[in-house]
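Visitor: Hi! Could you walk me through this one?
Guide: Happy to, here it is.
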Amino acid sequence: MTAGLINAEHLTKVYGTATGPLVALTDVNFAIEEGEFVSLVGPSGCGKSTLLSMLGGLEERSEGTLTLDGETLDRPRTDIGMMFQTSVLFPWRTARENVRLPGIILGLDPEEQKAKCDELLDLVGLNGFGDRYPGELSGGMRQRVALARLLAHGPRVLLMDEPFGALDEFTREAMNLELLRIWEKTRKTVVFVTHNIGESVFLSDRVFVMTPRPGRLAGILTVDLPRPRTTAVMREPRYSDLVFEIRRMIGVDH
Amino acid sequence: MTMEAGIAQSEFDTAQSEKSVEKHLALAKTREQRRRLTNRMLSASFGLFVLLVWYLATKYGFVHALIIPSPQDTFFAAGRVMRADYFLPNAWVTTYEILLGFALGLASGVLFGVAVTMFESVRATIYPYLVALQAPPKIVLAPIFVTWFGFDAPSKIAIAVVMSFFPMFLNTLTGLTSVDPNAVKLMRSLTASRWQTFRFLLLPNALPIMMAGLKLCWTLAVTGVIVGEFVGASAGIGYLIYAMNFQLDIAGVFALIILLSLFTVAVYQLVEWAEARIVFWKQL
């Protein structure tokens, strides 16, 4: 296997439960290149969130190897950033103070961080909203703040766990375009968990298709749609081919 | 229509719509004010109604004046009690006992709550006992505390501490542990230390529930001190109530109860005022 930035070999995760061992992930193998946008797609229970937690160093692996830059991934790292389905903003901090939090925790230069956080708020389209509290922002705006916070300490790898899953369809689409625009600018390595097949094809360079019971990687699809992408790609035959291929692999088409 | 005229027209429309938005906002504000006024009138008239029933019941002899004094007698008794030279020293004793008991109960509740949440060894050692002690009524300790600590302030303070400790302890514990698992994940992913997680996430997150505990803590501290003074004391409002009751000065007892309630409610209001500022984000 060619060595990428992130490598998984025979990765397995077993949880001990009251009713016996539960296999969450079995024999997962992949390599993710630096700067790549990868989606993990699959139905509930396919282990995609477990895999993301393991990539974040928050969850121990049971068997196999998982490395980032050649180093075993078994604890949180400052060059990895995480974003969740809920914004997880702290309601007692303003939008700006929330974006400042990673820098404060990691003890980064305050002056530099101050300027950077203002830039990031501009980047996610929240110029002028820095002093608002999360309770005063809409769901979409809160996810924008979370996106800015994700980038604040400059991680190389972004792990995103269904970040737009709780938003309405229109806001989700707008956020996808926004994410692509930001990704084109920064070219970070992204691992994006979703159960929305269309979203995974629209965003990614490659889609990791996962299936449940036990959770495993059923296949990897390369999305050869040109970039930069706009919603126009959803009209292309290749887009629907890929979507239907993934549906077939997951087994939603009977 | 020329272009200039079109722009002028649209500016006019904007101005018009801004005006109508202002009008709507003003209307909504008026409605809100009216609603609040109505609610206040309702509660005021209910209070007056109760007062009236009280007055009529005593005036027409439905209840004996020795059992329930009339409102006006109670009012005059309050004046008499407050002017008496024994009032201020006794009120001071009770205030001092309540405030000290409250402060110590609050501090120890927070301290133990934090220690039990943050240190597993502390949790393993004392948590089962604290949970077991939480169930029985603490008030049963009052006579023993008077025996142990005497007739003066220390026994009353001890009862207040024991009674107000538990709500503060349990609410601190609940507040510190009721946290969004994703927020904890976020802090872990940022390699935050335990202290950082406590300071930036757990503590502020716990404040709303801790404030609720603090209000309980306050009323229980008052209860503890008054009961302590009933059981055995040589000074204090509870002692006065007990003594006046014995002398069948029921109007005096009523007056003292009302004065004590006013004091308790005033502090309670102060706490709520502070709460609105401390956990300001709950109203956003």
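Visitor: What covers the buried residues of α10(B)?
Guide: The cover includes α2 (71-83) and α9 (237-246) of chain B, where contact means backbone-placed C-beta atoms within 7 Å. Helices are DSSP runs of H or I with at least four residues, strands are E runs of at least two, and both are numbered from the N terminus. This is a predicted model: local features need pLDDT of at least 70 and side-chain atom pairs pLDDT 80 or more, while totals for chains, interfaces and linings use all residues. Residues are numbered from 1 along each chain as its sequence is written, and chains are lettered from A and ligands numbered from 1 in the order written.

Visitor: Which residues in α10(B) are buried?
Guide: B:A251, B:G252, B:V253, B:F254, B:A255 and B:L256. Buried takes 20 or more other C-beta atoms within 10 Å of a residue's own, exposed 12 or fewer, partly exposed in between, with C-beta atoms placed from the backbone.

Visitor: Switching to chain A, what's the strand order in the open sheet?
Guide: The six strands go β6-β7-β8-β3-β9-β10, with mixed pairing; a pair needs at least two DSSP bridges. β6 and β10 (216-222) of chain A are the edge strands.

Visitor: And how many bridges join β6(A) to β7(A)?
Guide: Four, and the two strands run parallel. One bridge has A:I80 partnered with A:V157.

Visitor: How many residues does each chain give to the contact?
Guide: Chain A gives 19 residues and chain B gives 16 residues. On the chain A side, α2(A) gives the most, with three residues.

Technical notes: Contact = placed C-beta atoms within 7 Å.
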